[in-house]
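Thank you all for coming; I would like to take a few minutes to walk through one structure and the ligands it holds.

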Amino acid sequence: MERLPGGRRPRLVSSLGLGRRSWEVTLDEERGRLAWRDPRPPRRLRENCFVPISEIIAVEETEFNKKQRNIGRWQKMAKLHAFTVYYVKKARNHRWRCSDVTFWCVEEHLCNQWIQALKELLEMQKSRPKQLLVYINPYGGKRQGKRIYEQKVAPLFSLASISTDVVITEHANHAKDNLLEVNIYKYDGVVCVGGDGMFSEVMHGLIGRIQKDSGIDQNNPKASLVQCNIRIGIIPAGSTDCICYSTVGISDPVTSALHIIVGDCQPLDVSSVHHNNTFLKYSVSLLGYGFYGDILKDSEKKRWMGPMRYDYSGFKTFLSHHYYEGTIAYQPAKHTHGSPRDKESCRTGCHICKKSEKQLAEQNKEHGLKHEGGEEEWKVIKGKFLAINAVSMSCACPRSPKGLSPAAHLADGSADLILVRKCSRFDFLRYLVRHTNQDDQFDFPFVDVYRVKCFQFTSKLSEDNESNVMDIGKKRFGQFCRDHPACCCNIVNSTWNCDGETLDSSAIEVRVHCQLMKLFARGIEENCKDEAAHSQSSIEQLL
Ligand SMILES: Nc1ncnc2c1ncn2[C@@H]1O[C@H](COP(=O)(O)OP(=O)(O)OP(=O)(O)O)[C@@H](O)[C@H]1O
Ligand SMILES: CCCCCCCCCCCCC/C=C/[C@@H](O)[C@H](CO)NC(=O)CCCCC
Ligand SMILES: [Ca+2]
C-alpha cells in the first residue's frame, strides 16, 4: 500500500475512472476524507478534490450504462463497474446541496472493495440518526410543509437510509401532546416541519417529557432541569423561521435536511418563563414585550394573510407607538466573558459556548442536580419602554440577517436583555432600520443592553393593582394615560411574545438554562466558500 506524505497510510488508493480519464482516488482515514486527483492535471488544476467523510451522504453501486457519459474505448473493452458517492456540496450563504461523483473501474472486486470501505466508514459516524420521528404542520407559513417534506426532504432521508415515522398534525398542540405519550427513546431525533411555533411545540413536548420522566416539577422556577439529548431538526416551512436561520445561517429545507443526515449537533440555551410559581413556557429565541408583543397579538387575527401578516401588523404597531411602564430586575451573566456589544458573533465551534459547556459539566459534577448561585446581586431598572426584548440567541432571520442581538450566543447560558426606552417615532424607526443593515442597533442613548442569566418583569399596572387592589379605576384595561390624553403612554398592559406565542401574564420570571437541548445543526459557519466544493466545481466544468 502506498504511503502518504509523512509516512501515513491511507485506507485505499486506486486508479479509478472519473468521466473519460483515470484519477488517483484516496480514502484517507487519518484525515477523514475521500480525495481524488488527476495524476497529470493541467497546471491550473493541481489541487486535490476532496470530501470529508463526515459530509458523505451515501454510497451506492451504480448501474454504469445508465448514468455514464461516453467513456470511449474502455466501454468496448470490458464490462465496467461503478459506484456513486453522494456528498454535501457547500454553496454560497451557508446553503448546502447534495452532489455526487461516480467512479468506475474494470475489476468488480475493486469496485466492491471501495463500496464496502466507504460504507464501513459511514457506519462509524456514530452521531448520524437512523430513526427519526417527523411532525409536519401542514398550515405553517405558506402552507407548503407537506410538499416541502415529500419533495425535498424525504428523498434525501431515504438516500441516507434513515427510517422515519411521519405525523401530519391535525390541530395545534398535536405534536406536543403526542410527544408526551410515544416511546421517544427509540428515536435518534425529532424533526419538525414548520416554523418557530411548530419548533416550540416539539421542544415543549420533548423537554416536558424528559422532566416528567425524571420527576422534575416544571412549576418550580428554581428547579435544575434535566438536559434533553434527543436532538431536534428543523425543516423550515414557517413565517419567520428565526431559530433555523440563527442556527444554520439560512432557512432552506434541503440544507437543514443535510445537517440532520450528517448528524450535526448544536446545543441550545432555553429560557424558562414562570408567573407566581406556575410554569408558562420555554423560549429559545425572542421574549418580547411592547413592540414585538403587540405585533404578535395583532397578527394572530390575520393568520390568513400568511407571512405577510407580520409586515401588516408591524407597520400598524409602529404607527401606534405605544410605550409601557414597568420594572425589570436582572442578574448579570458573570460566568461568560462575552458582551452584547462584541464585534464577533457566535460561530461554529464558538469558544465562548465551549467554555460554558465545560463550566456546566463541572457544575453538574460538583452539585449534582442542585441549582446554584441563587442569591447574587439583582439590578433594578424602572422606566417607560417601547420594547423589552430578551433573546437567548441572535434572532437572525430573513427580515433581519444579523438579528436583534448580533453578538448573542446560542449556548453560553445567557440571554441579551434589550431595553428600548420611550423615544420619538423617528428615533424608533432609526433603531429598527439598523436591524436590517450593518450599523450598531445598540448605539442609541435610548437603547440599553445587558447580558443576563435571569430577569423578572412587572408592569406598572400590575404593581399598582397589587399595591392598591381597591382602586378599581386603575384596573380598567384599554385605558390611556389620564395625564396626557394625546400621548402614546398606554396604561393597558402589552403582551409577551414568547417565540411567536402570546403569554397570558405580563408579570414574568425568566431563567436561562444553559444548553438544555440540542439541535441537528452546527451553528453558523465562518463565511468562506468550501475548498472541496470549489475545486470540485471547477473540475466538473472541465469534464
Ligand atoms: N394541524 C394544525 N392546525 C392548526 N394549527 C397547527 C397545526 N399544527 C401545528 N399548528 C400550530 O400552528 C402554529 C404556527 O405554526 P408554525 O410555527 O409552523 O408557522 P408560522 O406561525 O407561520 O411560522 P413562524 O412561527 O416561523 O412565524 C404553531 O404554534 C402550531 O402549534
Ligand atoms: C423599516 C424597516 C424596519 C424593519 C425592521 C425589521 C426588524 C425585524 C426583526 C425580526 C426579529 C424576529 C425575532 C423572532 C421572533 C420569532 O420568535 C417570532 C416567531 O416566529 N416571530 C415574530 O414574532 C414575528 C416578528 C415580526 C417582526 C416584523
Ligand atoms: Ca445564549
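Predicted model: local features only at pLDDT ≥ 70, side-chain atom pairs only at ≥ 80, totals over all residues.

Residues are numbered from 1 along each chain as its sequence is written, chains are lettered from A and ligands numbered from 1 in the order in which they are written, and side-chain values use heavy atoms, with hydrogens and water left out.

Let me start with ligand 1, which is surrounded by 23 residues, the closest being Thr169, Gly195, Gly197, Glu201 and Ser239, where a residue counts as near if one of its heavy atoms lies within 4 Å. That shell divides into five nonpolar, 11 polar and seven charged residues, with Ala, Val, Leu, Ile, Met, Phe, Trp, Tyr, Cys and Pro taken as nonpolar, Asp, Glu, Lys and Arg as charged, and the others, Gly among them, as polar. Helices α6 (196–214) and α10 (308–320) each supply at least two residues of the shell, and α6 gives the most, with four; helices here are DSSP runs of H or I with at least four residues, and strands are runs of E with at least two, numbered from the N terminus.

As for polar contacts, meaning pairs of N or O atoms within 3.5 Å, an oxygen atom of ligand 1 is 2.6 Å from a side-chain N or O atom of Ser239, and an oxygen atom of ligand 1 is 2.8 Å from such an atom of Glu501. On its own, ligand 1 has 630 Å² of accessible area, of which the protein covers 88%, by the Shrake-Rupley method with a 1.4 Å probe.

Turning to ligand 2, we find 17 residues around it, with Asp196, Thr240, Ser285, Asn497 and Gly500 the closest, and the shell comprises nine nonpolar, five polar and three charged residues. Helix α12 (residues 425–433) contributes the most to this shell, with three residues. A polar side-chain atom of Asn497 lies 2.8 Å from an oxygen atom of ligand 2. Ligand 2 exposes 690 Å² when taken alone, and the protein buries 83% of that.

Which protein donors hold the calcium ion, ligand 3? They are Asp269 (OD), Ser392 (O), His409 (O), Asp412 (OD) and Ser414 (O), at 2.3 to 2.6 Å from the ion; donors are N, O and S atoms within 2.8 Å of the metal, or 3.2 Å for Na, K and Ca, and water is not among the atoms, so the site may look incomplete. Both His409 and Ser414 are buried, that is, under 20% relative accessible area, with exposed meaning over 50% and partly exposed in between, for a 1.4 Å probe and protein chains only.

From the record, an unreviewed UniProt entry annotates residues 127–277 as "domain: DAGKc", and this span is 37% helix and 23% strand.

Finally, two residues other than glycine have positive phi: Asn173, near 75°, sits in the loop between β9 (163–168) and α5 (174–179), and is partly exposed at 34% relative accessibility. Gln515, at about 50°, lies in strand β21 (residues 508–519) and is buried, with a relative accessible area of 3%.

Key
UniProt positions renumbered as here; feature names shortened; annotations may be inferred. Polar contact = N/O pair within 3.5 Å; in protein donor to acceptor, adjacent residues only side chain to side chain.
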